[in-house]
Amino acid sequence: MSLSHRIGRMTGRDPNERHRASTPLELLFDLTFVVAFSHISSQAAHYLELGDLAPALAGFGMGVFAATWAWINYSWLASAYDNDDIFFRIATLVEMIGVLVLALGIPQVFSSIAAGAHVDNGILVSGYVIMRVAAVALWIRAAKHDPARRSTCLAYATNIAVAQLGWIALIFLDLPRATTGLLIAVLVGIELAGPLIAERKSGRTPWHPHHIAERYGLLVIITLGEIVLGTILAISAVVQVQGWTLEAALVALGGSTLVFALWWVYFTLPSGALLARHRERGFAWGYSHIVLFASLIGVGAGLHVAAQVISHEAHVDATFALLCVAVPVLVVELMVFALYGLLSREFNVLHLVLLIAGALILVASVAAVAIGASIGVALLIAAASPVAIVVGYETVGYRYQAALLDREGD
């Protein structure tokens with residue numbers, strides 16, 4: 001790549017390039033998602049603490065899909081075609097602006113759904129379209145510079161452009177919420193089908209397996225930041241109400257242990273190594289992360305709700321707050337084991353045992369608060385769920401993984 005960042009050619013990166021790592025530009029791009037995820041988490045928490053499940057879940061789903069799907073598309077494109085020239089950098093800037101616009105539109109989506117009126121998705125969709133238009137420009141440029149994969153790149157560009165026409169129309173159509181939901185589902189289906197059609201019918205793009213695994217891991221860390229923020233809010237609520245007490249220490253320990261253990265659990269996955277050997281499994285692995293990212297953001301939202309309960313500002317009780325934490329934690333654990341299964345194509349009884357153990361511990365955390373335990377105690381119990389999985393992996397599970405990688409290397 002040119003040190004001057006002058007206009008270059010997007011001919012495709014070497015998928016076997018040694019020591020391929022995320023670029024400073026990609027890391028800067030990721031930072032904008034901190035804002036988007038924070039808005040999604042806080043808005044979902046607001047409606048959860050009011051007990052309004054429908055707007056909380058609907059708004060959460062729309063926001064998470066828009067943000068994570070645009071990130072996924074950019075990351076795979078960059079893995080295959082990032083030449084770090086000025087065109088690519090400016091296109092990334094446009095995508096970053098789109099993320100910020102999208103984030104600004106999240107509150108209106110939640111509030112309009114809660115009001116039962118036309119879904120006010122204009123700003124959110126505008127931000128999403130800005131991101132996707134930049135992607136179209138990059139795919140068209142790649143098609144021009146990479147004749148061998150021209151049809152694949154044009155298939156990507158066409159799919160994205162068609163979907164954006166639908167999203168733009170949705171801004172101006174004053175439709176009932178049920179009809180709007182149906183159209184959103186259709187457009188989401190078109191978006192998800194695009195890469196599958198492009199790669200399987202027209203040929204593979206030269207994405208780098210270890211680079212992609214690292215990129216996803218970095219966004220996992222970004223989403224874990226929402227759990228850190230939720231922990232800080234819960235600690236602050238305890239201190240505000242009770243002062244620096246044992247409960248504050250329990251909340252701090254429980255929240256910190258939870259985020260650390262979830263980080264540990266995720267990074268037991270040998271994603272890069274298995275993607276390098278089975279590139280065809282990348283689709284299922286990559287798409288499934290949407291649910292994983294959503295559940296991690298959901299844990300942060302649950303901790304926000306817990307903070308509101310502690311400060312006596314919520315309209316729900318402590319048991320509901322713990323459910324808002326425990327359910328997404330369970331989904332995170334389910335998804336980690338599912339991702340391992342998608343990559344390895346193996347069933348491991350140990351994984352089932354660890355998953356059941358983790359689920360029972362989460363049930364115990366909710367039961368504890370239901371019978372009178374404090375939120376701090378319940379959070380500490382909940383944190384023991386991913387800790388149990390970590391212990392299982394470090395004592396026994398790593399051997400199964402080592403054997404798998406040995407077999408794959410033969």
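**Exercise 1.** In this predicted model, where is aspartate 84 found, and is aspartate 84 buried or exposed?

*Solution.*
- Locate the residue. Aspartate 84 sits in the loop that links helix H2 (53-81) and helix H3 (86-115).
- Check the backbone. The phi of aspartate 84 is near 55 degrees, which is positive in a residue other than glycine.
- Recall the background. Most residues other than glycine have a negative phi.
- Classify the accessibility. Aspartate 84 has a relative accessible area of 13%. Buried means under 20%, so aspartate 84 is buried.

**Exercise 2.** Repeat the analysis for arginine 345: which loop holds arginine 345, and is arginine 345 buried or exposed?

*Solution.*
- Arginine 345 lies in the loop between helix H11 (318-344) and helix H12 (349-370).
- Phi of arginine 345 is near 60 degrees, a positive value in a residue other than glycine.
- The relative accessible area of arginine 345 is 55%. Exposed means over 50%, so arginine 345 is exposed.

**Exercise 3.** Describe the setting of histidine 289: which helix holds histidine 289, and what does its side chain reach?

*Solution.*
- Histidine 289 belongs to helix H10 (residues 282-310).
- Histidine 289 is buried because its relative accessible area is 0%.
- Its side chain reaches the backbone oxygen of tryptophan 285 at 2.8 Å.
- Leaving aside residues up to four places away in sequence, histidine 289 touches Tyr216, Tyr266 and Leu339.

**Exercise 4.** Compare the span of helix H1 with the expected value.

*Solution.*
- Helix H1 (residues 24-49) has 26 residues.
- From first C-alpha to last, H1 reaches 38 Å.
- At 1.5 Å a residue, the expected span is 38 Å, and the model is close to that.
- Look just after H1: glycine 51 takes a positive phi of about 85 degrees.

How values were computed
Residues are numbered from 1 along each chain as its sequence is written. This is a predicted model: local features need pLDDT of at least 70, side-chain atom pairs count only at pLDDT 80 or more; totals for chains, interfaces and linings use all residues. Side-chain values use heavy atoms; hydrogens and water are left out. Helices (H or I, at least four residues) and strands (E, at least two) are DSSP runs, numbered from the N terminus. Buried means under 20% relative accessible area, exposed over 50%, partly exposed in between (1.4 Å probe, protein chains only). A polar contact is a pair of N or O atoms within 3.5 Å; within protein, one must be able to donate a hydrogen and the other to accept it, and residues adjacent in sequence count only if both atoms are side-chain atoms. Contact means heavy atoms within 4.5 Å. The expected span of a helix is 1.5 Å times one less than its number of residues.
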